[in-house]
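Open the model in your viewer and keep the sequence panel beside it. Each stop below says what to select and what is there.

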Amino acid sequence: MTPRAHQDLKYELDEPLAYRWTKTAFTMCVGDDPELRAVVESSGGITRAVISGACPRCLGDISGEEILTAAGESGVLGDDTAGTPDPYTRINVTCNCEFAHENRPTGVTTGCGITFTIEVLRDDIA
């Protein structure tokens, strides 16, 4: 991954959930040298998604993880005949870069103010 320079932008207050951040994130996840990655890891009955790379808005380094399953999980509630579950899981990711962004609200210590969605392919779903 060849990182681009961080963008010194004001904290996003007008459109923090705009679809353009998700669209940009998708573009950053593809190709031979992705700038943003989401990797699914399974161990001991627990599956998690690990996110790392550059923020789609400010290009600051971001990281995080989300637990997708827990030990002992045995499917979903309801009718077992409903069909095969969707192998993709949507994850909301909020920029948590360490750069200072002008206009950041009091009490918020990281990020540029955006949240985007990425989808991960889960191979732990039969």
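**Stop one: a pocket**

Select F26, C29, I118, E119 and V120: of the 14 residues that line the second largest pocket, these lie nearest its centre. Helix 1 (19-29), strand 1 (36-43) and strand 5 (115-121) are the elements that give two or more residues to this lining. The volume of the second largest pocket is about 350 Å³. Colour the lining by class: ten residues are nonpolar, two polar and two charged.

The terms first. On a 1 Å grid over the protein atoms alone, a pocket is an open set of points where a 1.4 Å probe fits, with protein on both sides within 12 Å along at least five of seven lines; lining residues have an atom within 4 Å of a point. Grid points are joined across faces, edges and corners, and the volume is the space filled by probe spheres set on them. Ala, Val, Leu, Ile, Met, Phe, Trp, Tyr, Cys and Pro count as nonpolar, Asp, Glu, Lys and Arg as charged, and the others, Gly among them, as polar. Helices (H or I, at least four residues) and strands (E, at least two) are DSSP runs, numbered from the N terminus.

This is a predicted model: local features need pLDDT of at least 70, side-chain atom pairs count only at pLDDT 80 or more, and totals for chains, interfaces and linings use all residues. Residues are numbered from 1 along each chain as its sequence is written, and side-chain values use heavy atoms, with hydrogens and water left out.

**Stop two: the whole chain**

Zoom out and show the cartoon. The chain has one helix and five strands, in the order α-β-β-β-β-β from the N terminus.

Now zoom in on strand 1 and strand 2 (residues 46-54), joined by eight bridges. Pick S42: its bridge partner in strand 2 is T47.

**Stop four: strands 4 and 5**

Move to strand 4 (residues 88-94). Strands 4 and 5 run antiparallel, joined by seven bridges. Which residue of strand 5 does I91 stand opposite? It is I118, also one of the residues nearest the pocket centre.

Finish by turning strand 4. T89, I91 and V93 make its covered face; Y88, R90, N92 and T94 make the uncovered one.

Key
Pairing = 2+ DSSP bridges. Buried < 20%, exposed > 50% of the residue type's maximum accessible area, 1.4 Å probe, protein only.
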